[in-house]
Amino acid sequence: MTNRFAAGNAPLTLRVVGIILVLSFLLDFLILMLPFQPTDRGWQINLASALVDRGIVPLVGMGMLFVGYWIDAVSDSDSTKSSIGGNLPKSLDIRFPVLILSSILGLIFLLIFPLHLNNVRQASAQNVAQIRQDAEQAENQLQNQLSQFQAQINNEQGKAQLEQLRNQAKNQFTELLKNEQTYQQALNNPQIPPAQKELLKKFKENPQELDTFIAQQTDPQALATQRLTQIRQRREEAEKQAKDNAWKSGLRIGMSSLLLSIGYIIIGWTGLRSMSVVQGTKRKAAAR
């Protein structure tokens with residue numbers, strides 16, 4: 001009795017679960033379309049990514065649906081089949097519309113493949129151009145600040161202020177290095193970065209290193225060059241990251257979309273051809 005119940009209920013369960021999976025994907029599809037912005041490249045990229053990430057759901061649902069119909073077809077000859085979970089009425093046979101939907105999804109995912117690659121390429125180029133523009137603006141701003149600062153220190157008052165600043169910095173470091181207790185506390189302080197601790201050790205061993213360091217840190221041209229190098233390094237890193245993200249997204253979504261399109265087209269077109277052959281055979285048999 002238990003085996004008969006399981007055999008009779010399994011096809012219905014598979015078909016119900018399959019239909020739910022397909023309908024849930026269609027519902028997600030409608031929700032993802034909102035707000036509808038077909039001319040927005042970012043919207044197209046996000047929609048394609050979301051559809052491809054969910055694309056396996058209706059594929060599994062269709063597989064379960066047709067397995068349920070296949071079990072029903074195999075069980076049709078069993079006259080002792082339980083009435084519980086029996087075949088659905090013929091009017092509820094949805095294989096044909098599901099095959100049509102599968103073919104449509106196959107074409108959609110096939111179109112997503114080149115469109116997504118093109119959108120990702122254009123978005124990556126736009127991001128790189130924006131990164132370069134921002135870096136160029138930062139460099140121009142830095143050059144303007146350097147020019148203003150150099151104009152300020154070219155007169156006697158500016159030179160005196162700069163020299164006073166250097167003397168203050170040197171006195172502070174000298175006092176720290178002379179006091180052994182304060183010096184050891186600085187080396188043992190976990191809040192001080194290791195690079196600064198290494199500088200303190202160099203200053204302790206060779207006091208001339210301190211003069212060189214202060215001169216470099218108060219030289220506007222050297223500071224501008226250092227800052228310019230940092231800006232360009234960040235620009236290169238940002239460009240590389242933007243290109244890598246675009247390449248990974250294009251490869252993952254593009255290949256997944258192509259594979260999904262192949263799967264859906266095979267299911268849809270093969271199923272439709274098989275149904276047409278079966279219907280043709282039935283017509284010939286009826287004519288005889």
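**Salt bridges, a pocket and a surface patch**

Asp244 counts as partly exposed, at 31% relative accessibility. This is a predicted model. Asp244 pairs with Lys240 in a salt bridge, and the count for the model comes to 6 salt bridges. Three of the residues involved, Arg132, Arg235 and Glu239, are linked in a network.

**The Lys240–Asp244 pair**
- The closest N and O atoms of Lys240 and Asp244 are 3.0 Å apart.
- Both residues lie in helix α9, 4 residues apart, or about one turn of the helix.
- Lys240 is exposed, because its relative accessible area of 55% is over the 50% cut-off.
- Asp244, at 31%, is partly exposed, because that value falls between the 20% and 50% limits.

- Glu239 forms a salt bridge with Arg132, with 2.9 Å between the closest N and O atoms.
- This pair links distant parts of the chain: Glu239 sits in helix α9 (residues 220–287) and Arg132 in helix α4, 107 residues apart.
- The side chain of Glu239 also meets that of Arg235 in a salt bridge, at 3.8 Å from N to O.
- Here both partners, Glu239 and Arg235, are in helix α9, with 4 residues, about one turn of the helix, between their positions.
- Glu239 is buried, because its 10% relative accessibility is under the 20% limit.
- Arg132 is partly exposed, with a relative accessible area of 45%.
- Arg235 is also partly exposed, at 27%.

**Ser49 in helix α2**
- Ser49 is placed in helix α2, which spans residues 41–54.
- Relative accessibility at Ser49 is 15%, so Ser49 counts as buried.
- Ser49 touches His116 and Ile253, leaving aside residues up to four places away in sequence.

**The second largest pocket**
- The second largest pocket holds about 300 Å³ of space.
- Its lining has 16 residues, and the closest to the centre are Gln44, Leu47, Ala48, Ile112 and Leu115.
- Helices α2 and α4 (95–153) are the elements that give two or more residues to this lining.

**A nonpolar surface patch**
- Val67, Trp70 and Val74 make a nonpolar surface patch of about 310 Å².
- Val74 lies in helix α3, residues 56–75.
- Val74 is partly exposed, because its relative accessibility of 48% lies between the 20% and 50% limits.

Technical notes. Residues are numbered from 1 along each chain as its sequence is written. This is a predicted model: local features need pLDDT of at least 70, side-chain atom pairs count only at pLDDT 80 or more; totals for chains, interfaces and linings use all residues. Side-chain values use heavy atoms; hydrogens and water are left out. Buried means under 20% relative accessible area, exposed over 50%, partly exposed in between (1.4 Å probe, protein chains only). Contact means heavy atoms within 4.5 Å. Patches are made of residues with over 30% relative accessible area and no salt bridge: like charges are joined within 9 Å, nonpolar side chains (Val, Leu, Ile, Met, Phe, Trp, Tyr) within 5 Å. Accessible areas come from the Shrake-Rupley method with a 1.4 Å probe; for residues, only the protein chains shown count as cover. A salt bridge is a side-chain nitrogen of Lys or Arg within 4 Å of a carboxyl oxygen of Asp or Glu. On a 1 Å grid over the protein atoms alone, a cavity is a set of points where a 1.4 Å probe fits but cannot get out, and a pocket is an open set with protein on both sides within 12 Å along at least five of seven lines; lining residues have an atom within 4 Å of a point. Grid points are joined across faces, edges and corners, and a volume is the space filled by probe spheres set on the points.
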